[in-house]
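Please look over the sequence and the structure shown below before reading on.

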Amino acid sequence: MENQLFPVFFKLNRLHVLVVGGGNIGLEKAQAMLQNCPESNITIVALDFLPELEEIARRYPNVELIRKPFSCGDLLGKDLVVAATNDHALNYTIWEKAKGSKVLINVADTPELCDFYLGSIVQKGNLKIAISTNGKSPTVAKRLKQVLQDALPDTLDDVLNKLYIIRDKLKGDFTAKVKQLNNITDVLVKPNH
Ligand SMILES: C[C@@]1(CC(=O)O)C2=NC(=C\c3[nH]c(c(CCC(=O)O)c3CC(=O)O)Cc3[nH]c(c(CC(=O)O)c3CCC(=O)O)/C=C3\N/C(=C\2)[C@@H](CCC(=O)O)[C@]3(C)CC(=O)O)/[C@H]1CCC(=O)O
Ligand SMILES: NC(=O)c1ccc[n+]([C@@H]2O[C@H](COP(=O)([O-])OP(=O)(O)OC[C@H]3O[C@@H](n4cnc5c(N)ncnc54)[C@H](O)[C@@H]3O)[C@@H](O)[C@H]2O)c1
């Protein structure tokens, strides 16, 4: 099996993320999280911050910037960590400390040390698709995202909302409900003729 990654969807308003590094990559990862969940709880520790991050901290109440060198205590109370400094040895140290604290970590310059990757994300209302190339080419992931974003109809969200209403109204035991929902949505996978 070429790609053994197991996708999950985190609720970042219920977790606390530590980002170490306030440069381009710290910014990119924080933006990715906030675009998906504006209520993400994110603490960013760095020696210096890009002005875009300072603007983000002003705009999002759950984002905090702390200007200081990384220290072990920064991991306290955190659920996920992104190590995004430009100091390779420091990123490794952060990984060691995170492992010691049982906190899941993404080390931006070392895929082999990552417990998880961020994906390219397609959004259509309630629908969300996360794409990974197994770290082979984030650029291809980004391009595929653009293709799917255009190809998927905006009306998909109406379908989801209608199915949600139907799902709520269906009577019967679980097996009967599953059968009815499969019958109703059969059209989605039938060829167009
Ligand atoms: C998807 C996305 C999500 C996000 O970041 O939110 C993401 N990278 C994005 C963009 C991007 N990153 C890079 C380029 C430059 C061109 C290129 O290299 O392709 C571009 C393109 C651009 O910016 O246009 C460079 C790069 N990336 C990594 C390394 C380190 C290495 O490989 O060693 C280096 C080399 C650094 C160097 O050379 O020094 C590592 C990772 N990047 C990942 C995710 C994970 C694997 C995802 C997967 O499985 O596909 C992984 C493994 C870990 C992680 O970061 O989670 C986001 C697209 C957002 C969107 O959809 O618009
Ligand atoms: N995963 C990805 O998508 C991806 C993409 C490109 C680059 N990278 C890698 O990510 C790393 C970061 O790149 P960048 O462009 O954000 O770098 P950058 O130089 O813009 O930012 C580095 C940040 O690290 C902080 N830092 C340095 N020492 C610190 C310390 N002791 N404590 C706290 N913070 C400290 C600095 O203050 C700064 O905010 C590089 O190693 C690069 O190779 C990853």
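## The nonpolar core

The largest nonpolar core has 27 residues, and those with the most contacts inside it are Val 17, Val 19, Val 20, Val 81 and Ala 83. A nonpolar core here is a set of buried Ala, Val, Leu, Ile, Met, Phe, Trp, Tyr and Cys residues joined through C-beta atoms within 7 Å, and a residue is buried if 20 or more other C-beta atoms lie within 10 Å of its own, exposed if 12 or fewer, and partly exposed in between, with C-beta atoms placed from the backbone. This is a predicted model, in which local features need pLDDT of at least 70 and side-chain atom pairs count only at pLDDT 80 or more, while totals for chains, interfaces and linings use all residues. Residues are numbered from 1 along each chain as its sequence is written, and chains are lettered from A and ligands numbered from 1 in the order in which they are written.

- Two or more residues of this core come from each of β1, α1, β2, β4 (80–83), α3 (88–100) and β5 (104–107), where helices (H or I, at least four residues) and strands (E, at least two) are DSSP runs numbered from the N terminus.
- The largest share of this core, five residues, is supplied by β2.
- In soluble globular proteins, nonpolar side chains tend to be buried together.

**Around ligand 2**

- Among the 21 residues around ligand 2, those that come nearest are Gly 23, Ile 25, Leu 47, Thr 85 and Asp 109; a residue is near a molecule if its C-beta atom, placed from the backbone, lies within 6 Å of it.
- Two or more residues of this shell are given by each of β1 (16–22), α1 (24–36) and β2 (41–49), and β2 gives the most, with four residues.

**Domains and ligand 1**

- The domain assignment, which is automatic or taken from a database, gives domain 1 (16–118), domain 2 (119–152) and domain 3 (160–188).
- Ligand 1 lies between domain 1 and domain 2, because both give residues to the shell around it.
- Of the 22 residues around ligand 1, Ala 32, Ser 120, Ser 132, Pro 138 and Thr 139 come nearest, and α4 gives the most to this shell, with five residues.

**Two loop residues with positive phi**

- Lys 102, in the loop between α3 and β5, has a positive phi of about 60° although it is not a glycine.
- Asn 134, in the loop between β7 (127–131) and α4, has a positive phi near 65° and is likewise a residue other than glycine.
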